[in-house]
Amino acid sequence: MYTRWLNILLMAALLWLSACGKDTSIEDPGYRLRIRVVPMIDGFPLQRGVDQSNSWGEAFRTDVFRIYLGGFALLDEGTDPVSDHPDTYHLLDVFDSASMSINIHGNGTPFRRLRLQIGIDSIRNVSGAQTGSLDPLLGMFWTWQTGYIHAKFEGSSPASTRPDKRFTYHIGGFRQGQDSKRILMLDLPVNKAWSLERSGLTEITLHMDIGAWFRSEHDLPISAQAQVMQPGLLAVQYADNYARMFSLESIERR
Amino acid sequence: MNRLRVIGSMILTAGIVTAVATACRKEETASGVPTPLTLVTPAGFPAPNDLFGNNPLTKQGVELGRVLFYDGRLSRDGQVSCGSCHQPFAAFSTFEHAFSHGIGNQFTTRNAPGLFNLAWHRELHWDGGINHLEVQPLAPITAANEMGEDLSNILKKLNADSRYRALFRDAFGDPEATSQRMLKALSQFMGIIVSADSKYDRMLAGKVNFTQAEAAGYAVFKAKCAGCHQEPLFTDLSYRNSGLPLDPLLKDVGRMRITGKTADSLKFKVPSLRNVALTAPYGHDGRFYTLAAVIDHYRSGPKPGPTVDVALRAGLSISSNESADLLQFLTTLTDTTFTKDPRFKEPG
C-alpha cells in the first residue's frame, strides 16, 4: 500500500521535473552524463580559417561545420536501451565550443554502448514549424523543399572546381531513397559495463574526424564535387561518410 | 477499500496532470484566453488535413496571421508583403502577372497561385516541395527574388513593436515573437481561407440554376477535365505533365526537382480551377493569357514527351461550341463572397 503511493509520488516528482525540460525521457537528473565532441581532421584538431588538408592531399579551409546529433541512448550489451533520449536534438557547431558538449542524464543501470543519431527523424521533417534546436531560424532548414539540413560544411579549397574556389555541402533528406539520417552504436573503450553515479558526472569523449567526410565509405574528394545542396544520391553518399566520422575515445568520471 | 484506493489514485493522477500542465504554462500572462474557432468543412468537401491539431485555431491567432500576411516588414526592403503578390480581389494570386514582383525589381520564376482551400492541400507549390502550410512562408521570406529577408531580422522587428507584442500575447499568451508562433499564425490565417460559395456551389445546393450554356459546359467538364481537376476542390492534388514544353530559359522541370526522378520530369501540381476567371494568366509560368488559350492547348494536343499524361496525349476533342460552353462553366467557379470577406482583407 505505502510503496504504491510512494511510487505514484515519485512518478509525479519525475514528471514534474521532466515535463518542461528538453528531454522527454523519465530519468534521474542526478545521474549526469556529458558527451564532449572533439572535431579533428585526419588525426589533427580542426581549425577555423587555417589551411589544412585531407587524405586526398587537397588543401582546404573550414568556415562552417555544423551537424545535428541526437537520439542518445545508453545500451546494455545487446541493443536494449537502459536510458533513452529519443527525439532530442543538439546542433553542434565546431566553432562554438559550448555547443560541442552535450549534457544529458541517465540512471544507475550499467551500460556498454552508446547509441546516437546523425540528423533529424522524418516525423520532424513533416510536422510544420518546430522550435528549440530545430528552429528554422538556425539556418539548418531548406525552404524551397521542406526538410532539415543534417550537416552543413562550407569553406574554400584550391581543389574546388568552382570559380570562387569555395565548397558548400548541405546534406539532408528524409524521403525514401534519400534518407541521410544515420544511427551509430559505439562500444565503450573499456572492457566492462559502466554505471553512471548518482550526483556524479561521467564524460564521454567522441572524436569527430572530418577526414572521413571526404574518404571513408565513399571516395568524395573536393575536386569531384564542390557543391551538394539538396537531398539525393550524392547526399546519401556523404551521409554514409559522415556516419564514419565518429569514434568513442574515452569514458571517465569527472 | 480497494475502490477507495483506485479513486484516490485517480484523483492524484488528475492532480498531477493539472500540476504538470500549469508548470509548463507559467510564462503565460494574465491576459484573456484566445477564442477558439473551427474550420467549417463545406458541404460535399472531404475532411481537411489535420492542420490545426498542433496549432489550435483561434480568433486572435488568425488576426495575428492576417496582420503578418499584409506586413511589408516581413521583407528586407519593407515593401513586399505576402499580400502584395497574393491579392484578395485576384483570389489571392497576382493580378494579371505571369510573374510577381519581389524586392529590388526582381521577379518570381513561377506564377503565383490563388490561395484558398489550402487546408485540403497535402503539399504546396507547383512542384509540391513544401509539405506543411506552417513552413511554406519560409520559402518566400528567404528567397532573394521575393522577400529576401532573414528570419531573425524579422523577429527583431516584430519584437521591437509594441503592437505586435500585444498581438502575440493575445494569440499565444506570451508577447514574444518566435519563428514558430509567427509561422503558426500565418498558417491559421491562410488555413481558414475557404472558397466554396461560387455559382457552381449554389447550383449544387439548389439555390440557383445554371444557364443552358453553363450546364452544357459542366457536362463537357465532367467528361474531359474532371479526371484531373476533380470536384469539389477542382484538383486531385496529383502531379501531371499536361504537355507544356520546357521553357528553355526557365528550365523548370517541376516535380523532378523534388523527387530527383526522371519519371517526374515536367510534372506540376494540378491547379484548382476554382476562381480561375480571377487568376489569369495561367500555367505554372503564366504562359497562357486567357482561358480560351488553355483550352486550345488541350484541343491541339500537347507536345509529345515521355511523361505527358496518357489522358492528354492525343489531344482532347472539344468542338468550338463545347469550348464556348466550357468557358461559361468556368466562370461559375468564381466566388466573390470569399474575395470580399472582411476577415481576409488587409487590416485597418
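## Contacts along chain A

Two residues are in contact when heavy atoms lie within 4.5 Å. With that in mind, turn to chain A of this predicted model. Take the contacts in chain A between residues at least 6 apart in sequence: 74% of them join residues at least 24 apart.

## Make-up and surface of chain A

If you trace chain A, you will find four helices and 15 strands. Of the 254 residues in this chain, 52% are buried.

What does the accessible surface of chain A come to? The value is about 11,300 Å², and carbon and sulfur atoms account for 51% of that surface.

## A look at helix α4

Helix α4 of chain A spans residues 233-242 and is mostly covered, with seven of its 10 residues buried. Which residues in α4(A) are buried? They are A:Ala235, A:Val236, A:Tyr238, A:Ala239, A:Asp240, A:Asn241 and A:Tyr242.

## How confident is the predictor?

For the complex, the predictor gives an ipTM of 0.85 and a pTM of 0.89.

Chain A has a mean pLDDT of 89, and 90% of its residues reach 70 or more. Residues 8-25 of chain A have a pLDDT below 50, and in the model this stretch has 25 contacts beyond near neighbours in sequence. Chain B has a mean pLDDT of 91, with 91% of its residues at 70 or more. In chain B, the pLDDT is below 50 over residues 10-30, a stretch with 19 contacts in the model beyond near neighbours in sequence.

Key: Residues are numbered from 1 along each chain as its sequence is written. Chains are lettered from A and ligands numbered from 1 in the order in which they are written. This is a predicted model: local features need pLDDT of at least 70, side-chain atom pairs count only at pLDDT 80 or more; totals for chains, interfaces and linings use all residues. Side-chain values use heavy atoms; hydrogens and water are left out. Buried means under 20% relative accessible area, exposed over 50%, partly exposed in between (1.4 Å probe, protein chains only). Helices (H or I, at least four residues) and strands (E, at least two) are DSSP runs, numbered from the N terminus. Accessible areas come from the Shrake-Rupley method with a 1.4 Å probe; for residues, only the protein chains shown count as cover. pLDDT is the predictor's confidence in each residue, from 0 to 100.
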